[in-house]
Amino acid sequence: MRTIAIVGGGFSGTMTAVNIARLAQQPTRVVLINHRRPLGRGTAYGTRHPDHLLNVAARNMSALADQPEHFVHWLRSRSEFSDLPEAELRETFVPRRVYGDYLCSLTFGCFHPLGDRSPVTLQRRDDEAVDLQVHDGGGLIVSLAGGELIEADKVVLATGNQPPAPLPELPPGFQHPAYAADPWSRWEERLPDPSKDVVLLGTGLTMVDAVLTLLSRNWQGGIVAVSRSGMLPLSHFRGIDYPEFPPESPETLGLASLAELIQQHCRALQQRGANGAIAVDRLRPHTQRIWKRFSVEERQQFLREYAARWNVTRHRIAESIHRCLTGAIEQGRLRVVRGAIRTVEDDGDGVRIVLRDDSGQPTTLPAGLAINCTGPQSQFSSSEVPLFQNLLRRGLVRPDVLDLGLEVDDDFGVVDGDGRTSDVLFAMGPLLKGSLWETTAVPELRGQALQIAQTLLADEADAARFSVPEEYVLEYYI
């Protein structure tokens with residue numbers, strides 16, 4: 001019996017396992033290795049806070065790339081959604097914990113009810129994969145932190161986002177009761193006296209979750225969010241039909257021409273009384289092809305000049321959450337500070353956040369609790385994850401040209417240190433950011449999970465029997 005090991009039990013890993021179960025016709029053992037987060041939920045969908053909502057409307061959140069309506073149909077089985085009118089249900093931003101229920105129902109429903117009739121068996125390992133070695137007889141050996149060795153014919157790296165990177169001047173191993181290096185740790189247990197501020201390092205989506213958590217606990221102290229740009233995620237909105245953009249084959253334009261064209265269409269939309277972000281949304285089905293055609297220099301320029309604005313425009317939040325944030329700012333409960341975050345220093349019972357303003361002058365912010373919401377580690381070669389450190393050391397992988405993640409081929413086969421593409425080791429999700437740019441949301445990940453499953457089972461005659469409908473374009477709610 002062949003064995004496929006999947007490292008990562010969040011959306012990417014579990015949906016790859018689900019698609020293998022749907023496709024495989026020969027006896028197959030799937031070993032799903034999951035560490036820390038709840039299986040099937042991962043970090044994003046493991047939250048228990050009802051205020052933490054999806055960033056995409058229900059109509060585009062099917063986990064199955066070939067069944068666009070799957071999630072909407074599943075929601076009808078829930079009492080809280082069963083009576084909603086169809087149009088309203090499709091545009092609902094569902095709590096992420098409910099979406100976690102959906103993923104768990106898919107994962108366990110694909111395996112357990114089939115019993116002996118299924119050629120695929122699922123084995124769980126609640127442990128951390130820390131190393132991979134090439135097996136003498138072919139395949140790979142996965143080493144777990146607990147000491148178990150798993151021999152696998154093929155391995156999929158589906159680990160999701162890395163933990164946040166340490167701040168630039170933070171001493172190695174810095175720890176303090178008033179500093180939460182991991183925004184998904186149990187930092188609520190460390191809340192200070194309300195006379196002291198909670199300072200959130202970063203103003204992106206992780207910051208939004210932290211603010212919502214604090215407000216749900218009726219936190220009476222100050223909340224300060226800090227980032228270099230000071231930009232907050234934008235709100236979703238109801239858009240208009242806009243066939244004028246993009247032009248045919250936008251991937252051929254290059255960065256300078258594309259940026260100029262987007263700006264032109266943003267202005268044209270605004271003149272119609274519409275949101276200019278529609279122009280950015282219209283690029284969604286083309287983004288990965290555009291990124292692949294960019295030169296290395298264009299990608300680097302994009303990261304320097306456009307990435308921050310792209311992220312707040314493209315990855316928006318539900319209107320209700322945006323109203324909550326703006327309300328907190330208007331009420332003085334949330335303050336946004338612009339500055340480059342340098343480090344965190346011990347300040348007795350609290351900490352001091354050291355910033356640099358636009359002129360380079362240092363300033364400090366006192367905090368009763370500081371939470372690192374700066375986002376995942378973006379320099380792959382500096383990863384502190386033991387598995388990735390060992391893979392780099394062994395030369396089994398190499399960073400992409402921007403060092404944002406792993407280099408892979410078009411079938412997600414990992415490229416090793418000598419430039420050879422593996423036929424046994426694959427990667428997906430945020431690990432491919434440098435190769436694909438947009439590779440963190442369900443609309444991309446569901447397609448990757450299906451494609452990797454088809455690649456893993458390519459020796460079977462009907463392994464490619466599922467296809468994605470042409471009309472199922474990858475677009476966010478606009």
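Accessible areas here come from the Shrake-Rupley method with a 1.4 Å probe, and for residues only the protein chains shown count as cover. On that basis the protein exposes about 21,300 Å², and carbon and sulfur atoms supply 47% of this area. The model is a predicted one, in which local features need pLDDT of at least 70 and side-chain atom pairs count only at pLDDT 80 or more, while totals for chains, interfaces and linings use all residues. Residues are numbered from 1 along each chain as its sequence is written, and side-chain values use heavy atoms, with hydrogens and water left out.

Now for the overall build. The protein has 14 helices and 17 strands; helices (H or I, at least four residues) and strands (E, at least two) are DSSP runs, numbered from the N terminus. Its C-alpha atoms fill a box of roughly 60 × 55 × 50 Å along the principal axes. The radius of gyration, taken over C-alpha atoms, can be held against a globule rule of 2.2 Å times the number of residues to the power 0.38. For 478 residues a compact globule would come out near 23 Å, and the protein has 23 Å, so the two agree. Contact means heavy atoms within 4.5 Å. Among contacts between residues at least 6 apart in sequence, 70% join residues at least 24 apart.

What about the inside? A residue is called buried under 20% relative accessible area, exposed over 50%, and partly exposed in between (1.4 Å probe, protein chains only). Of the 478 residues, 52% count as buried. In soluble globular proteins, nonpolar side chains tend to be buried together. A nonpolar core is a set of buried Ala, Val, Leu, Ile, Met, Phe, Trp, Tyr and Cys residues joined through side-chain atoms within 4.5 Å. The largest such core holds 76 residues, and F71, Y99, L132, V155 and L157 touch the most other members. Helix α14 (residues 442–456) gives this core its largest share, seven residues. A second, separate core has 26 residues, L200, L212, L215 and A225 among them. Back with L132: leaving out residues up to four places away in sequence, L132 touches L140, I141, V142, V155, L157, L387, L391, R394, L396 and L425.

Some other buried residues are worth a look. H265 sits in helix α6 (residues 255–271) and is buried, with a relative accessible area of 14%. Beyond residues up to four places away in sequence, H265 touches Y242, E244, F245 and A279. Q377 lies in the loop between β15 (369–372) and α12 (386–394), and is buried with a relative accessible area of 14%. Neighbours within four places in sequence aside, Q377 is in contact with Q162, P163, P164, A165, P166, S382 and S383. Q377 and R190 are 187 residues apart in sequence, and their C-alpha atoms are 24 Å apart in space.

Next come the cysteines. A disulfide is a pair of cysteine sulfur atoms within 2.5 Å, and a search of the whole structure finds zero of them. For C373, the nearest cysteine sulfur is that of C324, 15 Å away. C373 counts as buried at 4% relative accessibility, and C266 is buried too, at 17%.

Finally, the charged pairs. Side chains of opposite charge can pair when their charged atoms come close. A salt bridge is a side-chain nitrogen of Lys or Arg within 4 Å of a carboxyl oxygen of Asp or Glu, and by this rule there are 25 salt bridges. In one of them R41 meets D101 at 2.5 Å, N to O. This pair links distant parts of the chain, 60 residues apart, with R41 in the loop between β2 (28–34) and α2 (70–75) and D101 in helix α4 (residues 96–111). D101 also forms a salt bridge with R78 (2.8 Å, N to O). Because D101 lies in helix α4 and R78 in the loop between α2 and α3 (86–90), the pair ties together parts 23 residues apart in sequence. D101 is partly exposed, at 24% relative accessibility. A network of salt bridges links R41, R78, E80 and D101.

R125 has a salt bridge with E148, the closest N and O atoms being 3.0 Å apart. R125 lies in strand β3 (residues 120–126) and E148 in the loop between β5 (140–144) and β6 (149–152), so this pair ties together parts 23 residues apart in sequence. E148 is partly exposed, with a relative accessible area of 32%.
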